Protein chains: 2
Amino acid sequence: MSDRITLKHVAAHAGVSRATVSLVLRDSPLIAAPTKARVRQSLAAVGYLYNRGAATMRATGTQTVGLLVNQIDNPFFAELTAGVSAALDSAGYIAFLSVTEDVVERQARAILRLREHRVDGVILCPAAATTGQDMAHLAEAGMKLVQVMRFVEGSAGDYAGPQNTHGLGLLTEHLIRLGHRHFAYAGGMALHSANRERIGGVTDALRRHGLAGPHFLPVENTRLGGMQAAAQLCALPQRPTALMCGNDVTAFGAMVGLQQRGLVVGRDVAVTGVGDVPEAAACQPGLTTLAASPRRIGQEATRLLLRRIADPALPAERLALPMRLVVRGSCGSGVAQP
Amino acid sequence: MSDRITLKHVAAHAGVSRATVSLVLRDSPLIAAPTKARVRQSLAAVGYLYNRGAATMRATGTQTVGLLVNQIDNPFFAELTAGVSAALDSAGYIAFLSVTEDVVERQARAILRLREHRVDGVILCPAAATTGQDMAHLAEAGMKLVQVMRFVEGSAGDYAGPQNTHGLGLLTEHLIRLGHRHFAYAGGMALHSANRERIGGVTDALRRHGLAGPHFLPVENTRLGGMQAAAQLCALPQRPTALMCGNDVTAFGAMVGLQQRGLVVGRDVAVTGVGDVPEAAACQPGLTTLAASPRRIGQEATRLLLRRIADPALPAERLALPMRLVVRGSCGSGVAQP
DNA sequence: CTTGCCAGTTAGATCGATCTAATGTCTGAT
DNA sequence: ATCAGACATTAGATCGATCTAACTGGCAAG
């Protein structure tokens, strides 16, 4: 059992006041070096453990932040989470994690709990149904928050995410160069900003080349959604030759679904993803996708949040990180001539 | 800006004392129903936000727990984390997450920080180099903790993980039935309990059938480790026909490495994993593996921890969940006859 | 000799909840 | 009429830090 050792005990042991010990803990320049050394010895001698809860009552800041992601079993968000965790660790912070599964109620419950714990800020990948009003309430309550991957329409503040529109333009033009003329787009049932930007990027690129917009397959951006998209694609009278998926996980599902129907991915159908999670290089054929460096995005989001916490008055920053085209076997070397 | 609304303000608004409001917050039976209703109205009217930090100073428990995993980018641990998060959410708890990357120093730093935050308990997948003494110190400090996936030798307390020994026995016998006689085992460079049990399960099963132990390829249980193992396997004078990998991610790396060397997985070499992460069904060929239901393990670990927090005197429980053999294409239909 | 200042230290108030022990109020039994 | 006991509520102490404002002793300037 811990014997509830407080500043008082340390102070008694070192022969100083509690205030002095408190200042030593924070390495204040007010305290003379020899005193500091003596107090530090006592700290170790009595086995003192800092009580951040108590400190929080008077001091400002808890050295904690919240991280809310919609899913964690998607390797993309797992990497992002790892990036946040590492960046926070080296800044002396620690994160509360909550997985919302895109359910606004879970998100709201988690945010309330985080506010009760007086987190210094929140990194939020907003659930798809989050409204601008929800965000406004948070801002009014003085919550420092950085949005990541998705940006709620009508909201304000910091954001870190990939250049979706530009990236999907690159990817679409690559497919056009390969000879594709009929496109399908799988995923993006939930119309959050990332999906809108991605679909917009594809549509714009097609229009630039005088092509019709992609055939939209409204499924969720999950493995299962990808499999459903494969089924839907095969049921179309005139099958598109390129299937662009909202993210890598969806593409994995689609590839399995297509293969189950006897189609050879990369020859009969080109498939693409978004994100370039490690599995994209490991599957067969390799997945052509857009590298979005989730770890980096997590780190940048953390940097933005810590910056915001340090100076709430700073102007908002919206960071759009470039995506890189990664060509692998899943889109083959050219469209099959009928 | 939040105007620091405390119990005092609510009490004034409702015309009662702070103590009464405090009791209403916790839905105490001591307070009469009409008073409760009135106070609850005031709570909402003044926009009160509970301050858990302050409460913690007197009350016992913070409604927080720590979750320390060695990696999160492995889908297995991502699923496990999702299970923990969901289970905690419905119990009114929230988790601090820290990713240790198997570095004991990061683990130690995170645990210190969690102790400073006075978490009610910790779910820990111990970094490989964790010693029994480390665990003993934590126990002495009164830390409630549940180990998950790995169990530090010489430690005590609760644990939740899969039946590694039995599971790998099943898997090995399946390969033996297919005609394999020469086995390699990739992974398990870090000798924590899970790796030891898995290797033990293979060795035991082989011995039961009068076969020599697996050729041990000492790599890390990562995608990269798997690729290294593939290279090592191909360099062996007499190549084993079955490559058993320490987990699915290692197997994915191994499959890529073998394919790069012109070998057909499932025909030339049988490959197996452990865990059955979703990608195992999606890769080509599908990966024969052991389903370990990570989400369930996360939920069980959470249950054990909450139980332990509620009653620290309970006897320790070591939960070993069964693994199910999942046969897919990666081990083919029989060993190739030379 | 007094004053002012500085560096180093500290007593005591304070943060916002909960806990303890006590208070007042209303029954119903003696 | 008095008392025991249950019920509902509360004043004030308390948790363990930090903050504010004040206090020391020593030294230089006036």
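**Around DNA strand C, and one spot in chain A**

Let's start at a phosphate oxygen of DNA strand C: a polar backbone atom of Leu7(B) sits 2.6 Å from it. Keep in mind that this is a predicted model, with distances computed from its atoms.

Chain A makes phosphate contacts too. The side chain of Thr35(A) has an N or O atom 2.4 Å from a phosphate oxygen of DNA strand C.

Now zoom out to the whole surroundings of the strand. DNA strand C has 28 residues around it, and Thr35(A) and Leu7(B) turn up again among the closest, along with Thr20(A), Arg4(B) and Ser22(B). As for secondary structure, α2 (18-25) and α4 (52-58) of chain A each supply at least two residues, and so do α2 (18-25) and α4 (52-58) of chain B.

Next, jump along chain A to Leu319(A), which belongs to strand β11 (residues 318-321). Leu319(A) counts as buried because its relative accessible area is 17%, and the cut-off for that label is under 20%. Which residues does Leu319(A) touch, leaving aside those up to four places away in sequence? They are Tyr159(A), Ala160(A), Gly161(A), Glu300(A), Arg303(A) and Leu304(A). Val148(A) is 171 residues away from Leu319(A) along the chain, yet their C-alpha atoms are separated by 9.4 Å.

Notes: Residues numbered from 1 in each chain as written. Chains lettered and ligands numbered in written order. Predicted model: local features only at pLDDT ≥ 70, side-chain atom pairs only at ≥ 80, totals over all residues. Heavy atoms only, no water. Near = heavy atom within 4 Å. Polar contact = N/O pair within 3.5 Å; in protein donor to acceptor, adjacent residues only side chain to side chain. Helix = DSSP H or I, 4+ residues; strand = E, 2+ residues; numbered from the N terminus. Buried < 20%, exposed > 50% of the residue type's maximum accessible area, 1.4 Å probe, protein only. Contact = heavy atoms within 4.5 Å.
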